[in-house]
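Take a look at the model below. Then read the notes that go with it.

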Amino acid sequence: MPGANARALDKAKGLACDAIIIDLEDAVAPDAKEEARRRAAETVASHPYGTREVVIRVNGMDTPWYHDDLTAAVAAGPDAIAVPKVGSADQVRTIAADMEAAGAPADMRLWAMIETPRAVLDCLAIAEASPRLAALVMGTNDLTKELQAQHVPGRAPVTTALQMCLLAARAAGKVILDGVYNDVRDAEGFRSQAEEAYLMGFDGKTLIHPSQVGPANEVFAPSQDEVEDARGVLDAWETGDGSGVVTYQGRMIENLHVDTARRILALADAISAAETPRD
Ligand SMILES: CC(C)(COP(=O)(O)OP(=O)(O)OC[C@H]1O[C@@H](n2cnc3c(N)ncnc32)[C@H](O)[C@@H]1OP(=O)(O)O)[C@@H](O)C(=O)NCCC(=O)NCCSC(=O)C[C@H](O)C(=O)O
Ligand SMILES: [Mg+2]
């Protein structure tokens, strides 16, 4: 949400999202930058979002606001700082050093937005550049603009880029979040794009409006059927003959399927833990 939007900052206290990203970049007009920075820092420092992860998106490294944003953001103590338009591994190392110099504790993470052709092509190096870097976030609006492409259902113009970044994130063991869906009144289009991202393997989707939170949770959380299937797979494996392969409901189950079942059950457990009242 825009750092300058007091109503949205307040409303976010009641949203069932996993993370809150307070934006100082493109959602804030140049003459509101300083006010947004002050408001974001004050809000974060007062810890109003309970167990949700709190992230401040600063302005890009090539802007006059970057250093003051980063200093104020680090001092406010969010879980992570998101930096837009990260273009190279060297830039990631510079940002990590800037965070260090601003006094960031070791567990304050860095989220890098991937939203230029150069960043997509260098995504693995970016993902591996610093232990502070925890997540990649696709900036599909900027990427579409830079490619001189169009926003179309199914996102064919950016699918290669999305998949390259997913490969990089998985190879580097980092979280990766899909970009935003701009039409906040198009519930069907949103759901379809969220499902597409889920099927590709994204860990989640960045959102711009409260109406997108519920549908995103439904798409990315394991369904009851998936949870029951995962339990069945695990049970078949544990009661099997230890030969390395069993069948469950006619399907071949090997070690790798058991890993997937465990991941689904861990995710379901984490979601039910998060659903027990958030403050
Ligand atoms: C897109 C919006 C400008 C729409 O705003 P609006 O028309 O005011 O929405 P509603 O009237 O439907 O709002 C209903 C209520 O919900 C609150 N609200 C709206 N948005 C948010 C939000 N993001 N977080 C929390 N609460 C929100 C309103 O205050 C209303 O509350 P109430 O008064 O109680 O009724 C607007 O949604 C918006 O500004 N969204 C966020 C924009 C933003 O943050 N952009 C930056 C991220 S996008 C990005 O990163 C792109 C990337 O860089 C790329 O390249 O792709
Ligand atoms: Mg962008």
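This briefing covers an annotated site and a sheet.

This is a predicted model: local features need pLDDT of at least 70, side-chain atom pairs count only at pLDDT 80 or more, and totals for chains, interfaces and linings use all residues. Residues are numbered from 1 along each chain as its sequence is written, while chains are lettered from A and ligands numbered from 1 in the order written.

**The annotated site**
- An unreviewed UniProt entry lists Glu115 and Asp142 under "binding site". Such positions use the numbering given here, feature names are shortened, and annotations may be inferred rather than shown by experiment.
- The two are spread over 28 residues of sequence, yet they cluster in space, with a largest C-alpha distance of 5.4 Å.

**Glu115**
- Glu115 sits in the loop between strand S4 (109-114) and helix H5 (117-121). Helices (H or I, at least four residues) and strands (E, at least two) are DSSP runs, numbered from the N terminus.
- Glu115 counts as buried because it has 24 C-beta neighbours inside 10 Å. Buried means 20 or more other C-beta atoms within 10 Å, exposed means 12 or fewer, and partly exposed lies in between; C-beta atoms are placed from the backbone.

**Asp142**
- Asp142 belongs to helix H7 (residues 140-147).
- Asp142 has 18 C-beta neighbours inside 10 Å, so it counts as partly exposed.

**The sheet**
- An open sheet holds 7 strands in the order S1-S2-S3-S4-S5-S6-S7, with parallel pairing. Two strands pair if DSSP finds at least two bridges between them.
- Strand S6 (residues 175-178) pairs with S7 over 2 bridges.
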